[in-house]
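Please take a look at the structure below.

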Amino acid sequence: MSAMWRIAREEWRLWARSRVVLLAGLIIAVLIVVTSVLTALRVTAEAERRADRQASAEATFFAQPDRHPHRMVHYGHYAFRTPPPLAAFDPGVDAVTGQSIFLEGHRQNTAMFADTRAGADLGGCAALTPANIYQLLLPLLLIVIGHGVVLRERESGTLAVLLAQGQSGRAIAGGKALALAGIAGVFLLPLAGLALFTAARAEASQASAAAALVAGYGLYLAVWCALVLAVSLWVRQRSVALGLLVLIWLLVALIVPRVAINTASAMIDAPGKIESDLVMLSQQRKLGDGHNAADPAFDALQKQVLEQYEAQSVEELPINWRGVVAGYSEQKLTAMMNAFAEDRMRREASQSRIVTWFGLASPTLAIGAASRTLAGTDLATHHRFLRESEGLRFDFVQGLNDLHAKALTYADDAARSTDSAAEQRTRVNAASWRLLDAFRFAPDPAEVRAARALLPLMVLLGWLVVLGGAIGAGARRLRP
Amino acid sequence: MTPTLEARSLVVMRDGAAVLNDVSFAIAPGEVFALLGGNGAGKSTTLLTFLGFLQPTAGDVLVAGRSVGDDVEAARAKIAYLPEAASLYGHLNAYENLGYFLDLAGRKVSRAALDAALDQVALPTEARQRRMQSYSKGMRQKTAIALALLRDTPILLLDEPTSGLDPVAIDEFHAMVQALAAAGRTVLMVTHDVYGACQVADRVGLLRGGRLVGSFAASDAGGRIDTETVHAAFAAREAA
Amino acid sequence: MNALLREARFLAKDRGAVLWIVLALLLSAAATGFGIAEVREQRQTIAALLAEDAKDRANAISKHDAWGDAAYDAFHLTYAPPSDFAFAALGQRDTAPWLHRVRMLSLESQIHEADTANADFGLIGRFDFAFLAAAVAPLLLILLLHDLRAGERVAGRHDWLVASAGTPRRLWLPRAGVRFGGLALALLVPFWIGAAIEGAGFGAALAASALVVGSLAAWWAIIAVVGRRNASPPALLAALVGIWLMLALLIPAAARAGIEAAVPVPDGAEILMLQRDAVNDAWDKPKAATMTPFLARHPEWRALGTVEKPFEWKWYYAFQQVGDQQAEPIVTAYRQGRLARDRAAGWAALLSPAALTERGLERLAGTDTRAMIAYEDRVRAFHARLRAFHYPLFFRDPPYDPVVLDGLPRYDPAP
């Protein structure tokens, strides 16, 4: 143990005296700090802005004057997806998906105005977030610093001296591993600080998610340290080792993730919203138009309602037949829209699962999936936002349809297009708009997120075990 | 007669220090000149200056009567250079290595001529098709010597040519150098091997601290330079 | 020529270098193959939707007996088909919509609808030829060329080789050139095959090839300058990877953040809220509040512009348009802001060969921001034609005759 410690300390001293290592480390450290501060400021401001927007959307809805309830169905409402605290580290899909949804009757809109649509296009990998620096740049730094940990000793002949002095290959490999792990540990500190900071500002459940996030990145950096050490042990020449590691980085960090996307998109066809809407619309036409109570599609409903109220015609009903139809068709339509939406989300989720399984070939993909999940900025969280906002939409629309059926008379409602007095009587008191529920989007509880992140974290652990085996084998056969 | 290689009051500075300081010599066609010196005496620097890789700070180097600086390319075309510990490409075999270097020098040589040169340096036939990474140090040196022969240039610059060769191969090499000189080639070799220098050279120059401090000619000594004399001079100067 | 042949033979024996070139070939084949598959799928989607769209519209129209109802229910498919070059650079097609179904209602409530694929796709990005050529190829070139001189220096062959060749140029230029050419060909041959399969224009393929070779040449120059230094191959490689990181990743990212801070774009959500309030408030306002601004824009309907009943279709569609009119300033600012950001990005890309290449390929493929905004403009123009077609029917209100609707404007995707 003391030998390992000695070897590691020697390595640190060497790095501390190397201008290249210090400069590279300093650049990465500055990048981490600058992007962390900028991203944290941006995300915090964005979270406040969206929370304000959500509150003001509710206030606007309540402030609407007396009107026909169906008008409020079309007036609609907004749901905003407020970013969770850890989005300050990994904003995830927030920039790509829209941040708000317009909620109205008879329609499920998409989340609109994603940041990327108004962004300056400077090519493929032009977004810098703290998460990206940890996922892409830190491994590169470990490669540049660490590719020679064993090879330098081999090329300068000191490896022979060390081995001849009776140091075991294991002790040497262990010391070098310790040295690399020390560097990785130092660079984990800013993330730990950020996690601590967010955890302190948020509720307790965020703290365990933040801790899991730090642990996940620790695992990821450990995988890279192990990879660098394994290559340094097995390859005979320093220039070959560095070339090989840069190639592995290129494949693992840039190419495999994108190939995973291509593969997922080719394997599972997830139709876009407009495409599936069109298919749905032609089905919907068969359901009948909820605006037209005379649509023959509602004959069966009419018969049933007339029987229930023992009435002969819709005019005799104690409730407004038009409102009944509106509520009935909204319910039918929503069931169909949800079926389509669920299908689309299921396809997207299976696509993302394929991408996650590509983590077997790329630890960068695995940590990316785990990081977004733990931060609460993954696709599943966005899907939950879509589901919750749909629930909000359905509830207020049906509340209004209920008003439509109970607070209005059928005669007035039928005559309102042509009779101004009747039109006045169909206006409902604005106090009724209070039926709208308050909506505050929050990510899943930490346990749920941690459970979801388990698969990619296990993949990372698998990587570490395999590489650990390679290091062990390489250390046993270590010769000068 | 114009000397083939000539150094005139040559001074070469590297990193602020004079590596060669006022060195002058001239080598006639068909002559073998050995520059003898210890580590850091400026031997390799002399060769690199003749090849135009280093520029004289003062003085001049001439190849066939023409300053190297005037036309480096023309000077190099006349010279076959054998570097110290010449390493050919490990992933190529002997034929491929020779073919590549000769091609680079603008020479097309038949397979038979390659074999003839490799025979001359006694590289085993069965080794010639093997990749050179499996060669011993001596085999590599032999292949490099064969390359110098195949260049068929009027001048040979040899940097420690016998290092890595066994005693028999050294003798064969010296015979070969003398045969080449007899055929009119000019040979400048640098070495720290006193015995070898005296055996093969027509003249030996003693280089120390960048200065030419002694010269021994075979013609002065009745056809053969006396090893003991040179060794004594070399040792005395080194000790000083 | 002779020298190139010599170096080509030499390269063929160098397993390390051949590995990088074969890798480039495989990656290029994969990128091209994936690109073609994606583009084909998008074309199939459009073809299927076109058939479905016509059927659905006919079905919708057949159920109505008034111009206003028919217009309300009839959707019209608009689309931006992928160009025959889009397989090489899918660009903004993963984040910006290339399909919209619009109808006679307020356009602003429809045109911002996002039809994006899986969010993970937009986040991670696709592996297409543009990404390969812009970001990955330079790194492969660095791996291929960084130790050209330093490797020979370490092996003790440098001076020997140069002395044999006579001049350095006669050695390094063909040696680097053959590797450069090998890499360029490995990248371009699959791309050319893809372009031939897709029937991409010769001019575009040529321009793209020139762009790729040109940007690689810029990288070559950088590598040559750094590679001249008397340092060990690993030190050179580390320095070059650092430069690559700077030029391909950090400068574009910093420029992007800078541009987005310097060139503000109005919050898109404002457009929707403004438009929604305008449209919904119209129900409660006097009819004149709608008809006055509408008739100011359309004086030709002044004579028929009085609304007597609580509900008339011409008033209904008039306030849809007035809603759009009210949002116009902010819509214009949103459009201009995006264009200004794109222009600024174009200038910033001059600092990064990677960004320049990717943007150039997207431009050639018609998948850049300008092309996506141009598609929006075409949707707007089409919607204006829809309105021009319907307004005479709403205002003059001739007896309903579905045959007239056979003359509905058709969307033309051609730019």
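Start with one residue in chain A. A:Thr198 touches A:Pro85, A:Leu86, A:Ala88, A:Gln206 and A:Ala210, not counting residues up to four places away in sequence. A:Thr198 sits in helix 7 of chain A, which covers residues 169–201. Is A:Thr198 buried or exposed? A:Thr198 is buried, because 24 other C-beta atoms lie within 10 Å, and the cut-off for buried is 20 or more. A:Leu392 is another reference point in this chain. A:Thr198 and A:Leu392 are 194 residues apart in sequence, and their C-alpha atoms are 29 Å apart in space.

All of this comes from a predicted model. The model scores ipTM 0.86 and pTM 0.89. For chain C, the mean pLDDT is 89, and 99% of its residues reach 70 or more. Within chain C, confidence is highest in helix 10 (residues 202–227), at a mean of 94. Confidence is lowest in helix 12 of chain C, at a mean of 82.

Now turn to the contacts between chains. Chain C puts 79 residues into its contact with chain A, and chain A puts in 71 residues. Several elements of chain C give two or more residues to this side, among them helix 2 (15–62), strand 2 (99–102), helix 12 (268–284) and helix 14 (313–348). Which helix gives the largest share of the side of chain C that touches chain A? Helix 11 of chain C does, with 14 residues.

Chain C also meets chain B. Here 20 residues of chain B are in contact with 17 residues of chain C. On the chain B side, helix 2 (72–77), strand 6 (79–82) and helix 3 (94–104) each supply at least two residues. Helix 3 of chain B brings the largest share, five residues.

Chain B itself is assigned two domains. Domain 1 of chain B spans 5–78 + 154–239, and domain 2 of chain B spans 88–152. Their centres, taken over C-alpha atoms, are 25 Å apart. Nine residues of domain 1 of chain B are in contact with seven residues of domain 2 of chain B. Helix 6 of chain B, residues 167–182, gives the most to the domain 1 side, with four residues.

| Domain 1 of chain B, touching domain 2 of chain B | six residues | one residue | two residues |

Chain B also holds a sheet. It is an open sheet of six strands, in the order 6-7-8-3-9-10, with mixed pairing. Which strands of chain B stand at the edges? They are strand 6 and strand 10 (211–217) of chain B. Each has a single partner strand, so one side of each is left without a neighbour in the sheet. Neighbouring strands of this sheet are turned by 15° against each other on average, direction ignored.

One pair shows the detail. Strand 3 (residues 32–37) and strand 8 (residues 186–191) of chain B run parallel, and five bridges join them. B:Ala34 has B:Met189, in strand 8 of chain B, as its bridge partner.

How values were computed:
Residues numbered from 1 in each chain as written. Chains lettered and ligands numbered in written order. Predicted model: local features only at pLDDT ≥ 70, side-chain atom pairs only at ≥ 80, totals over all residues. Contact = placed C-beta atoms within 7 Å. Domains from an automatic or database assignment. Nonpolar A, V, L, I, M, F, W, Y, C, P; charged D, E, K, R; others polar. pLDDT = per-residue confidence, 0-100. Buried ≥ 20, exposed ≤ 12 C-beta atoms within 10 Å, placed from the backbone. Pairing = 2+ DSSP bridges. Axes fitted to C-alpha atoms, helices over the stretch in contact; angles between N-to-C directions.
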